[in-house]
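Please read this report alongside the sequence and the coordinates. It moves from confidence to the sheet, then to the ligand and to a few loop residues.

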Amino acid sequence: MGAAEAGSGTTCPSSLCAPGHLLLGIVRPDGTVAALRRPLTVDADFVARASAPGRRPPEARFRFAGPCVGPACGQWAEERCSLGDAVAHAAHEAGVDASGTPLPPCAVRPTCRWWQQGGPAACHVCDHLVHTSS
Ligand code: SF4
């Protein structure tokens, strides 16, 4: 079990830049996320370099996965991740047809909180999510 699957055993696909978390992707200029073919485990050196003064927050430039912290997260409500529900809802609102469409590659899907709650709909809009907008 990797650090990203620690704790509850469920992974947050939009977590912080922290040692032990996984670097999932890089935010493109258009705001979508290019997923890494093989996610990298973040170490303290990466965190220090990515968080250097004068740079935009790493969570605005990359996507990270880490353990879902459940009730300790501001997005947790009524025993669910409200953000994960919002992502799946946005997909439905946008008319995303998740049935029969191949899922994008994802390293954390088996333990992903959003996948567990929203299924394929969440996956099809996940690459439009950026943790920090500044
Ligand atoms: S509640 Fe949602 S946003 Fe918060 S850590 Fe868990 S998966 Fe991530």
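The sections below describe a predicted model.

## Confidence of the model

The protein chain has a mean pLDDT of 90, and 93% of its residues reach 70 or more. Confidence is highest in strand β4, residues 62-67, at 98, whereas helix α5, residues 120-125, is lowest at a mean of 90. Over residues 1-7 the pLDDT is below 50, and this stretch has 16 contacts in the model beyond near neighbours in sequence.

## The four-stranded sheet

The model holds an open sheet of 4 strands, which follow the order β1-β4-β2-β3 with antiparallel pairing. Because β1 and β3 (33-41) each have a single partner strand, they stand at the edges, and one side of each is left without a neighbour in the sheet. On average, and with direction ignored, neighbouring strands of this sheet are turned by 25 degrees against each other.

Strand β4 pairs with β1 in the antiparallel sense over 3 bridges, and with β2 (residues 22-27), again in the antiparallel sense, over 4 bridges. How many residues of β4 are buried? The count is 6 of the 6, so β4 is largely enclosed by the rest of the structure; a residue is taken as buried when 20 or more other C-beta atoms lie within 10 Å of its own.

## Surroundings of the ligand

The ligand is surrounded by Cys-12, Ser-14, Cys-68, Val-69, Cys-73, Gln-75, Trp-76, Cys-81, Leu-83, Gly-84 and Arg-113. Sorted by class, this shell has 7 nonpolar, 3 polar and 1 charged residues. Which elements supply at least two residues of the shell each? They are β1 (11-15) and α3 (82-93), and the edge strand β1 of the sheet thus has a part in the ligand surroundings as well.

Arg-113, one of the residues around the ligand, can also be placed relative to Gly-70, from which it is 43 residues apart in sequence and 9.6 Å apart in space, C-alpha to C-alpha. Gly-70 itself lies in the loop between β4 and β5. With 16 other C-beta atoms within 10 Å, Gly-70 is partly exposed, since that class lies in between the buried limit of 20 or more and the exposed limit of 12 or fewer.

## Two glutamates in the β5-β6 loop

The loop between β5 (76-77) and β6 (80-81) contains Glu-78, and Glu-79 has its place in the loop between these strands too. Glu-78 has a positive phi of about 50 degrees although it is not a glycine. For Glu-79, also not a glycine, the phi is positive at about 65 degrees.

Note on methods: Residues are numbered from 1 along each chain as its sequence is written. This is a predicted model: local features need pLDDT of at least 70, side-chain atom pairs count only at pLDDT 80 or more; totals for chains, interfaces and linings use all residues. pLDDT is the predictor's confidence in each residue, from 0 to 100. Two residues are in contact if their C-beta atoms, placed from the backbone, lie within 7 Å. A residue is near a molecule or strand if its C-beta atom, placed from the backbone, lies within 6 Å of it. Ala, Val, Leu, Ile, Met, Phe, Trp, Tyr, Cys and Pro count as nonpolar, Asp, Glu, Lys and Arg as charged, and the others, Gly among them, as polar. Two strands pair if DSSP finds at least two bridges between them. Axes are lines fitted to C-alpha atoms, for helices over the stretch in contact, and angles run from 0 to 180 degrees between N-to-C directions.
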